[in-house]
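Please look at both before reading on.

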Amino acid sequence: MTRATARWSALVVAAGLSLGACASGTGDDSSSGSGSDDENSITFDPEAELSGELNVMGFGATDEIGQVRLDAAKEALGDVDVSLIEGDLDIQQFLSSMATETPPELIYANRDQIGTFASRGAIIPLDECIEGEGIDTSMFREPALDQVTFDGSVYGIPEFNSVQITQANQKLLDAAGLTLDDVNGSNWEAISAANEAMHTNDGGKLSVIGFDSKLPEFLPLWAKANGADLLSEDGRTAQLDDPKVLEALEWAVSIYDAQGGFGAVKAYRDSADFFGEGNQFATNVLGAMPMEQWYVNVLNDVSPDAPMAFDTVRDLEGETIAYASGSAWAIPKGSPNPEAACRLAKTMTLTDSWIAAAEARAEARAEEGKLFTGLLTGNAEADDAIYEQFVKPSGDATWDAAIEATYEANDHTFVLPANPADSEFKTAWQDAVNRVLNGQQEPKAALEQAQNEAQEALDAAWAEWDADEG
Amino acid sequence: MARPALDAPAVPADERALRAKRRLRRRETRAALLFISPWIIGFFVFTAWPIIYSGYLSLTDYDVINDPNFVGLANYERLFEDDKVRLALQNTFFFTLIQVPLYVIVSLALALLLNKAGRSAGFFRTAFFLPKMTPPVAVGILLLLLFNGQSGMINQALGWFGVDGPAWTTDPTWVKPGLILMSLWSVGASVIILLAALRNVPQELYDSARVDGANWWQQTWRITVPMISGALFFIFIVNTIAGFQTFTEAYTAFFGSGNTTYSNDAALFYVIYLFQQAFEFLHMGYASALAWLLFVIIMIFTAIQMVVSRRFVYYEGEQR
């Protein structure tokens, strides 16, 4: 290399490195760079006139439920310029914005992500926002609020709620001489027998699924039905090796084994036209399964004449249970406009906002000549009001039963508590179930491994949190 | 005005020419560097600097949100204790070991066929290349459809021959073979490269071989393969690296949003595990250590391939 070449190369390297340093955005400067980090300067006041920008990450007003409430929020925000970064919350995008100290003003996340975000300091506690803006937390469903409460502080404002109900094919039940009680979860032996009676497997080829226990996702539901929680109430101790969890897993897996194995059921399930008029219920190839309430809308839309039957999911005592999930609003640390973010979160979840949105939805459904099946939110007050004002008997006992079951389930929910290692905890138990379903491990060994993995992750994450707090 | 000494030693013509040549070369070098400087700067900003920075991050506990804490070699020690690293490496090695030779063989076979295709070569070239245009995410979804154990096209085709196809998407034994077969979907680009190389093989070599009585196989093995060994080596090395970094199709099919809860350990490739650690568990420091381990592995395999290539790869104009 000549001297000139070396000089040019050095110049280019220096330029590259210095530009790279500028682009890194992850220096040791602990100040967030946003005025909002100075929490003393934040005043949450419902009467305050707000301005500036409000970028909302993870939310799209794609239907009347979102649009009506967003309009109300924009009105409450006055001069604030609201922009939506639509689609589900992109964790990489959110983390990148945090790393480069340019977070959005507000995020819309799954409630089960809140604990992890809170423990890492990615989002701020909303106690002052709640107090300042006068948000009445008593209107929120307790499990929903629990899910966004981390170490005693509320970090999220609950929005939608999702629950499961038992969805069954009446024609297949009748043909097998069964009733809904045989498949609603209250008696596992009855479900196993119903599964045996309804499924059809000719020469290893499954043509009718008797019962789908919906593993891996519904292990928490079956464990709870058997009286066990996967995680302790304080979110610190994994309970995956609880004998009742093991019993639940063994039973739920046995449902697949009786039909030729999980592979056969999954392959058949995957080949179905899940969202179309040729869905498994309409084509009489699925006996029953627990499923989220939104699927009632799908079925009612695409196959209103399907021979359906609905009930809640019940525990072994016969009581209704539902494993709730949903979304929540949270304010990132360093949010440039937390006051506006808090106002938007408040307005979007106000009882009046939900009622206005439900009214718009009910009208839209009526115009289409379709059934309004209600709206499940994290706001119990709003749910009750919407049910009373807009949910009317359709005259079709089947779909009315679906709505009744949905609302009953919504009153009997449980959640996994907020914790700082949510993703690792979830991965641990789901991987365990998958190893069993894939035939790689026995249930006991799989859950023991999951218990170790989950507890290790929880211990490490809590230790970090406790050290920071201590 | 003093007259310059006429007897001063004259600069020899050779040396003048040499200096002029050097000046020209310097100018050209400078101009070349100037022209490629956008790329060089881009390389340092978007590649070299992240590489260097990830080296630093691999020595820290970093969750992307808070500042990194220096932890020394703890992340590297953890690599050797982590069972999932072992599993992910096993899966990745298996995939690469089978997929790369198969990919090269299929690419070569198709290129040889195309080379004989005559007028219709253009159509087939496009037809083979089109699947390469499919986004990898779509290929992942396609895998679930084509390899569905109940109604997938692959098992239906096997059924015509009386073969009861396996559960490609759930049986751990068949998950990786399914992914390997699916990867052949995108052989198009390699086929085009090999076809270009095949077109450059001098016809006289085949004519001479035929005169000497060589059959098709002998011509292929003794002339074609050696003459396109440079292109074959390129495809081999690039696919080996891609094999070690395989991610999108397997992630989409077995870990992505289409399968929010179902996953399969058999498809846990190294980069998928790295991604989980970085963006799901927020262990960016550990993920950086994982990335460096992969870098070292790829470097070792590439170095081995380079050494081996000296014996088997022939470049045009090369004297041996």
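The text below goes through the chains, the sheets, some local features, a pair of helices and the interface.

**The two chains**

The model is predicted. Chain A contains 18 helices and 14 strands. Its radius of gyration is 25 Å, close to the 23 Å that the globule rule gives for 470 residues, so chain A is as compact as a globular protein of that length. Chain B has 14 helices and two strands. For chain B the radius of gyration is 27 Å, well over the 20 Å that the globule rule gives for 320 residues, so chain B is more spread out than a compact globule.

**A sheet of five strands in chain A**

In chain A, five strands form an open sheet with mixed pairing, in the order S2-S1-S3-S13-S6. Strand S2 (81-85) and strand S6 (157-162) of chain A stand at the edges. Each of these edge strands has a single partner strand, so one side of each is left without a neighbour in the sheet. On average, and with direction ignored, neighbouring strands of this sheet are turned by 15° against each other.

How many bridges join strand S1 of chain A to S2(A)? Five bridges join strand S1 (residues 53-57) of chain A to S2(A), and the two strands run parallel. A:Met57 has A:Ile85 in S2(A) as its bridge partner.

**A sheet of seven strands in chain A**

Another open sheet in chain A has seven strands, ordered S8-S9-S10-S7-S11-S12-S14, and its pairing is mixed. Its edge strands are strand S8 (200-202) and strand S14 (413-414) of chain A, and each pairs on one side only. Strand S7 (residues 164-169) and strand S11 (residues 308-314) of chain A are joined by five bridges in the antiparallel sense. Opposite A:Ala168 stands A:Ala309 in S11(A).

A helix also lies across part of this sheet. Helix H16 (residues 397-410) of chain A lies across S7, S11, strand S12 (320-323) and S14 of chain A. The helix H16 of chain A runs at about 15° to S11(A).

Most residues other than glycine have a negative phi, and most peptide bonds are trans.

The peptide bond from A:Leu215 to A:Pro216 is cis, with omega near 0°. A:Pro216 sits in the loop between strand S9 (205-211) and helix H9 (219-225) of chain A. A:Asp151 is a residue other than glycine with a positive phi, near 50°. Where is A:Asp151 placed? A:Asp151 is in the loop between strand S4 (149-150) and strand S5 (153-154) of chain A.

**A helix pair in chain B**

Helix H3 (residues 83-115) and helix H8 (residues 188-199) of chain B pack with their axes 8 Å apart, at an angle of about 55°. That angle makes H3(B) oblique to H8(B). The crossing in which H3(B) passes H8(B) is right-handed.

Residues of H3(B) in this contact include B:Tyr103, B:Leu108 and B:Ala111, while those of H8(B) include B:Val191, B:Leu194 and B:Leu198. Nine of the residues in the contact of H3(B) with H8(B) are nonpolar, three are polar and none is charged.

**Where the chains meet**

Chain A has 42 residues in contact with 37 residues of chain B. On the side of chain A that touches chain B, the elements that give two or more residues are helix H1 (3-24), helix H3 (91-99), helix H11 (262-270) and helix H17 (422-437) of chain A. Which element gives the largest share of that side? H1(A) does, with 12 residues. By type, the residues on the side of chain A that touches chain B are 19 nonpolar, 15 polar and eight charged.

How values were computed:
Residues numbered from 1 in each chain as written. Chains lettered and ligands numbered in written order. Predicted model: local features only at pLDDT ≥ 70, side-chain atom pairs only at ≥ 80, totals over all residues. Contact = placed C-beta atoms within 7 Å. Helix = DSSP H or I, 4+ residues; strand = E, 2+ residues; numbered from the N terminus. Nonpolar A, V, L, I, M, F, W, Y, C, P; charged D, E, K, R; others polar. Axes fitted to C-alpha atoms, helices over the stretch in contact; angles between N-to-C directions. Parallel < 35°, antiparallel > 145°, perpendicular 65-115°, else oblique. Left-handed = near helix turned anticlockwise from the far one by under 90°. Pairing = 2+ DSSP bridges. Rg over C-alpha atoms; globule rule 2.2 N^0.38 Å.
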